[in-house]
Amino acid sequence: MRRMISFLLTLVLLTGVMTQALAAVEEKKVVQDAYIYLHEELNVLVVEEKESDLSYLYSADGTLLCETGFDSVRELEGGFEVTVYNGTINNSGVVSGAGVMLVPMQYGDVESISDRWQLGAVLTEATAENYDYKSFGEETSYYLVDHYDVYFKGVQVGTLGRLDYHYAYAWGDYLYVSNQEGDYTYYDKTMTPSAYVSDYASSSEYDDVYGVGYFHRGSGQQAFVPSCTLTADQVETAFMLVGVEIVDLQGNPIGKLENMYESVYDFEGDYARTRTNGKYGLIHKSGKEILPCEYDEINYGDETFFEGGYQIAVRDGKVGYVDLNGQVTCEFKYSQNVVDSLYDMPFNTLTDLDGSIIVLSGKAGELPQRFAEVQLSYNSGCPLFVGVVEEGKVGVFDLDGNAVIPADGRYEDTYDLQLSADGTVIVGYDVNRVYSVYTVEQQADVGAALEDIGNMAAQVVAQQDGGWDCVCGSHNSGNFCPECGAARPADKLVCTNCGFEPAEGETPKFCSECGTAF
């Protein structure tokens, strides 16, 4: 059965001709006697055979990722919890989205803390008077944790006792662990405890010591200064706003604020919110202002910006969207009291007076077609949504409102279609009870916009490399311009804390606005 499914998944592709669809869609037929589930973030298919009840992992193109069949598969961040029933309680492990066994199947419970860190709990039998886990069946069984094994990138790096672990956060190569008593410890990727001591427990990566700087809790060293040995791939946050400059881990400037604000919040990815006079704005890590401080809200209960390339925001009580360049792509004319959600995703919905559903697209604004029901891919930047045009007719639509899969009656319910987070894979279960896997070729609009932002950041860094711009237009590093011979102008004093510039000719030792030394 497994070989037959694998063969059918890799049959010659049938190209679907979708009316008005901008994205190219390819369809693969799949046999009826299997159940297919899509891991939306990893684009991995969990294929459960009806005959054997075993589940196998496949990529979207039909490649078998792991030879082992599992009795149980549960989605985790960055992979799956997999179980083979063998008569013992310690029979679970973790498999990555590439089919690699990260944690062997020898644990009663497993946890994926991040894409790099995993945890396995070894359980022992216990009683109803004292237990950590219990199972339900013909008889209830009770279990205690004997110990926890900690894994980093598939290698066991340490062990924690039962009372040593309550929960954990991961920041790249570093781990924060809170024990049952509420005490905390920071570890590196070898599970060596950090020597850094703070006055309070915190689940943040850095400790901001007033007047001194930022200390990386996991490694114990000061960050964003020349002596820092951390690299960007080891940490969660690789740059920080210091004064008016945005610097890397070694204190090198990568950007500079274009404007001054009352507050600049921590960066979430490449963006940070700003605040002035009770209104919010948004800046890029280059320092470029994407949105001025004139919005009631830009991010609602989320830690990401521009999911799918478009950002939802509220201005004067009205909801709209902007793109990566700050241009309005969906007018701010929809009351925030009537839209269904303010979470950052490329679509939003509201109900029309006749009861039909209006879809707002971050790219195209209000779509002209009305729907009886809409299923959005929440908490992701998926550029597709599932829409019911009338009872029994369900399709998939893109940011422009075009039908990627037409609502022609082949699919009857929104739950018959699963969408990947990036919108490149769709799994459908049609009226004939046959699964199909669609591969969708997305447009490059977002990628081009991101490239523009990257080029912009590079230009900002080039302007801050210690060189100077001549009146003739050339950028130079020496004392004279090699193009026209002009002398390098005298450098201006600028306060790195507040941005104040003394009058021309004045050379004070301290800023008259905030007291910072020049």
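The structure holds 26 aromatic pairs, where rings of Phe, Tyr and Trp (its six-membered ring) pair if their centres lie within 6.5 Å, planes under 30 degrees apart counting as stacked, over 60 as edge-to-face and the rest as tilted. Please keep in mind that this is a predicted model, in which local features need pLDDT of at least 70 and side-chain atom pairs count only at pLDDT 80 or more, while totals for chains, interfaces and linings use all residues. Residues are numbered from 1 along each chain as its sequence is written, and side-chain values use heavy atoms, with hydrogens and water left out.

Take Tyr-206 and Phe-224: their ring centres are 5.1 Å apart and their planes stand at 50°, so this pair is tilted. Tyr-206 belongs to strand β18 (residues 206–209), whereas Phe-224 lies in the loop between β20 (222–223) and β21, 18 residues apart; strands here are DSSP runs of E, at least two residues long, numbered from the N terminus. Both Tyr-206 and Phe-224 are buried, meaning under 20% relative accessible area with a 1.4 Å probe and protein chains only.

For Phe-239 and Phe-267, the centres are again given as 5.1 Å apart, but the planes are at 75°, so that pair is edge-to-face. Here Phe-239 sits in strand β21 and Phe-267 in the loop between β24 (263–264) and β25 (271–276), 28 residues apart. Phe-239 is buried at a relative accessible area of 10%, and Phe-267 is buried at 9%.

β21 and strand β22 (residues 245–248) run antiparallel and are joined by 4 bridges, two strands being paired if DSSP finds at least two bridges between them. The open sheet has 3 strands in the order β21-β22-β23, with antiparallel pairing, and its edge strands are β21 (239–242) and β23 (253–256).

Which residues have the most contacts inside the largest nonpolar core? They are Val-339, Val-359, Leu-360, Val-374 and Phe-385, in a core of 24 residues, a core being a set of buried Ala, Val, Leu, Ile, Met, Phe, Trp, Tyr and Cys residues joined through side-chain atoms within 4.5 Å. β32 gives the most to this core, with 4 residues. Apart from it lies another core, of 18 residues, including Ala-121, Val-145, Ala-170 and Met-191.

Methods
Buried means under 20% relative accessible area, exposed over 50%, partly exposed in between (1.4 Å probe, protein chains only).
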